[in-house]
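Please keep the sequence and the structure in view while reading.

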Amino acid sequence: MKLSDFDFDLPPDRIATAPAQPRDSARLLDLSGAAIADRHVGDLPDLLRAGDLLIVNDTAVIPARLIGKRGDARISVTLHKYEGHKNGGNAIWRVFAKPAKKCRPDDIIMFAPDFGARVLGRGEGGDVELAFIDPRSGNALDTDSLNAGLDTYGTMPLPPYIARPDGVLDSDHEDYQTMFASQRGAVAAPTAGLHFTDGLTSALQAKGVAIAAVTLHVGAGTFLPVTVETIAEHKMHSEWGAIPADVAAKIIATKQAGGRVIAVGTTSLRILEASFAALGHIGHFAGETDIFITPGFSFNVVDMLMTNFHLPKSTLLMLVSAFAGHAPIMAAYDHAIASGYRFFSYGDACLLSHNLLSHNLSAQAETETT
């Protein structure tokens, strides 16, 4: 398929700049049946069954955006991939830097008197490799010191389509974090999880729906545009993820008992399907994945997907089209736009079943928009 197959026109006022309050009051476009239904996230317990298993992503977003100086030059960086501790204990991160041309090997970028980074190298498209240090001594920062520096001097890395002319709001530090966040490492939120509340999870569990967590540390590469018309030529950035052995066992038990596995967000889906592709079965997994899911992909783990509405021409729109069918997804997006749904990270959600190829969806949306 071509990149143009995943394009659509979105009025600017459909882009959400703040989440619904309370979170589970967001709208939910239900595509789990034979017809489109307009609901709310709080209706989710009525749409799932006892014995189903909800898989959430427990990654936590770090304050990954920093402003510093190299001499008199102002440098902004957004961390996007942790490369580990090396070179004598340095914490190494790949970042997107602006302007990257100001970042030369061995340059020191000062974010604060006690928090800085040494440039190790520069790649393509603004990609720069940094080793974080204490500029006063030149010593490497350990994990605790690095995290403390980010918490003190960093800001939440909101995606570029959320307008903040005066900077990130204090409320974004809580709003752009899911209730499941416990494993630091993401530089973008697993946004479907933003809709959950204590009340909603309690109602799901009372219904007999189990909840289990996996980890995928979402990278800033998720926002990079696809620049090739033939989508098979696109290269995904890799991200680190893990599935604990006990969660793998729960998935197996759920399927054996006839229950459904529901991924909360494309990130949960990606790590589940990536682990199956790597192992050939459901089991414990920990490692990098650059899985790129497009129409024609064979799903082996996930039966249903709850996800937000995604950008035109994005890899995530390709993923949901692979999961539920290209025509039904594009018809559903037409319906969502016409019905005033809110899009992207702080927006509304939809609930999809695998291989939802019903022509009723296309016909219903076509009737509503004509």
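In this predicted model, the lining of the second largest cavity comprises, by class, six nonpolar residues, one polar residue and one charged residue. The residues that line this cavity are Met236, Arg270, Ile291, Phe292, Ile293, Thr315, Leu316 and Leu319, and helix H7 (residues 315–324) supplies the largest share of the lining, namely three residues.

A search of the whole structure finds two cavities of 30 Å³ or more, and the table sets them side by side.

| Cavity | Volume | Lining by class |
|---|---|---|
| Largest | about 50 Å³ | five nonpolar, three polar, one charged |

Around the largest cavity, the lining is made up of Pro19, Ala20, Arg23, Ala26, Leu194, His195, Ser345, Tyr346 and Gly347.

Turning to the strands, the model contains an open sheet of nine strands with mixed pairing, in the order S2-S1-S18-S17-S15-S3-S13-S14-S16. Its edge strands are S2 (37–40) and S16 (285–289), each of which pairs on one side only, and neighbouring strands of the sheet are turned against each other by 25° on average, direction ignored.

Within this sheet, strand S13 (residues 210–216) and strand S14 (residues 239–243) run antiparallel and are joined by two bridges; Thr215 has Ala242, in S14, as its bridge partner. Helix H5 (residues 245–256) lies across S13 and S14 as well as strand S3 (53–57) and strand S15 (261–264), and H5 runs at about 150° to S3.

Notes: Residues numbered from 1 in each chain as written. Predicted model: local features only at pLDDT ≥ 70, side-chain atom pairs only at ≥ 80, totals over all residues. Heavy atoms only, no water. Pairing = 2+ DSSP bridges. Helix = DSSP H or I, 4+ residues; strand = E, 2+ residues; numbered from the N terminus. Axes fitted to C-alpha atoms, helices over the stretch in contact; angles between N-to-C directions. Contact = heavy atoms within 4.5 Å. 1 Å grid on protein atoms, 1.4 Å probe; cavity = no way out; pocket = protein on both sides within 12 Å on 5 of 7 lines; lining within 4 Å. Points joined across faces, edges and corners; volume = space filled by probe spheres on them. Nonpolar A, V, L, I, M, F, W, Y, C, P; charged D, E, K, R; others polar.
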